[in-house]
Amino acid sequence: MRVLVLGSGVIGVTSAYYLALKGFEVTVIDRQPAVALETSFANAGQISPGYSAPWASPDVPLKALKWLFQRHAPLSLKPDFTRWQCHWIAQFLSNCSLERYELNKSRMVRLAEYSRDCLRRLRAETGLHYEQRSQGTLQVFRTKKQLAAEAKDIAVLERMDVPFEHLDAAGCVRIEPALIHVQDALLGGLYLPGDETGDCQLFTTQLAAKAQALGVKFRQETQIHRLLTQQSQLLGVEVQTASGVEVLQSDHYVVALGSYSRQLSQALGLNLPVYPVKGYSLTVPLINAAAAPVSTVMDETYKVAITRFDQRIRVGGMAELHGFDLSLNPSRRATLEFVFNGLFPYAGDVAQAQFWTGLRPMTPDGTPLIGQASAAYPHVWLNTGHGTLGWTMACGSGQVLADLMAQETPAIETQDLQLSRYL
């Protein structure tokens, strides 16, 4: 059975790998010259099941208003007054109740925990090395409000049997010794020992090689133009290559194009609730290991994650609702430098850092879309909308998709991961 996977980011490549293990004949197509060169290229480097949570929470509407007037705000909105943006924001706000937050976080944690387990099995089976560490995530709090808000997350973690440790400031320093110089500014932290870190782009590149060894074909530098339909039938995918325009046909199609999934799928009469949420990162050369984080530190005040690689430090964060704008905003670099220098001032050479931006495909409830696209097109499948947790959920999403396409029962509940929850 042939499968055409659209997109060669971490979601597309993991989908292809798990489908190949099931015996499918898989081809991956993407406009970039190599895999993982867009959203998967320089993300925050976290595999964070314990930190999995929707952006839509009860305190976000008020916070968002305050952030509009802050210099180092984690969220920025540039209204374009399109129906799409307005509708997405309305859906997002409808998920900001405590009840919706707990529901959304529960299913996100379910998928993320499963995905981490899939990753560990994959690593044991393949021997992949991508500068990974298994030393957890430390979320640090500076205010009493942040400590109070932690309670709702702990309630979900307890219900899902996710290990955690609530820490005072001294406990934060025990987990991350380089925080000693800012200990007085911290009121506490939440440590999630089951989380992991690593270089997503390196992981995706190595997994693509493993997928090729299983027979997966990669057609890079292949621009996807549109889906060709006729009378509720998908005839194929029109693409542009160096040789010209051609139509690729398959038995099944997987849409794993991140933020670009919505536009392509409109030909099927679908309106995917996936909006591009722009994020930024710095990749900082390491100059003092003792002054650097051991794993990942998440600064709750600025929503910035600082992750240690072997000889680099990745600093990532921010959320901008600016459509498909990929320009590098220097004020965002200033924020990342401000947070990094405030927590780990002697760890890396910020002047030599690489500044990057990417578009996270975000759903209003934070949960991805995995499964059949619609009853009208039973051979079209979705694996998109993972937001800030693409790598965290990638292996589990790929395994779930492969199980569903092979008509097997996935190891976790998947009904509430499908597009049907929005219909």
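Start by selecting Asn329 and whatever touches it: leaving out residues up to four places away in sequence, Asn329 touches Tyr280, Glu320 and Phe355, where contact means heavy atoms within 4.5 Å. Asn329 sits in the loop between β17 (312-321) and α9 (330-343). Helices here are DSSP runs of H or I with at least four residues, strands are runs of E with at least two, and both are numbered from the N terminus. Before moving on, keep in mind that this is a predicted model: local features need pLDDT of at least 70, side-chain atom pairs count only at pLDDT 80 or more, and totals for chains, interfaces and linings use all residues. Residues are numbered from 1 along each chain as its sequence is written, and side-chain values use heavy atoms, with hydrogens and water left out.

Is Asn329 buried, exposed or partly exposed? Asn329 is partly exposed, with a relative accessible area of 27%; buried means under 20%, exposed over 50%, and partly exposed in between, with a 1.4 Å probe and protein chains only.

**Next stop: Ser48**

Select Ser48, in the loop between β3 (46-47) and α2 (60-67). Ser48 is buried, at a relative accessible area of 1%. Setting aside neighbours within four places in sequence, show Thr137, Asp195, Leu389 and Thr392, which are in contact with Ser48.

Look for Val140, which stands opposite Asp299 in β15.

Then bring in β16 (residues 304-308), joined to β15 by four bridges and running antiparallel. Here Val297 is opposite Ile306 of β16. In the β15-β16 hairpin, with four residues between the strands, pick out Lys303: its phi is positive, near 55 degrees.

**The six-stranded sheet**

Colour the strands in the order β9-β2-β1-β13-β20-β19: these six form an open sheet with mixed pairing. The edges belong to β9 (217-219) and β19 (369-374), each with a single partner strand, so one side of each has no neighbour in the sheet. Neighbouring strands are turned by 20 degrees against each other on average, direction ignored.

Zoom in on β1 (residues 2-6) and β2 (residues 25-29), which run parallel and are joined by five bridges. Among the partners, Leu6 is bridged to Ile29 in β2. Now show α10 (residues 390-405), lying across β1, β13 (252-255), β19 and β20 (377-384) and running at about 170 degrees to β20. Axes are lines fitted to C-alpha atoms, for helices over the stretch in contact, and angles run from 0 to 180 degrees between N-to-C directions.

**Helix α1 and its two neighbours**

On the α1 side, the contact includes Val10, Ile11 and Tyr18, and on the α10 side Trp391, Leu401 and Met405 are among the residues.

Which helix packs against α1 at about 30 degrees? Select α7 (residues 200-213): its axis is 9 Å from that of α1 (residues 10-21). The two are therefore roughly parallel, the class for angles under 35 degrees; over 145 is roughly antiparallel, 65 to 115 roughly perpendicular and the rest oblique. This time the crossing is left-handed. To see the contact, show Val10, Val13, Thr14 and Tyr17 of α1 with Cys200, Phe203, Thr204, Leu207, Ala208, Lys210 and Ala211 of α7.

**Last stop: a three-stranded sheet**

Finish with the open sheet β10-β11-β12, paired antiparallel. At its edges, β10 (223-230) and β12 (244-248) each pair on one side only. The twist from one strand to the next averages 25 degrees. Seven bridges join β10 to β11 (residues 233-241), and Thr229 has Leu234 as its bridge partner in β11.

Conventions
Left-handed = near helix turned anticlockwise from the far one by under 90°. Pairing = 2+ DSSP bridges.
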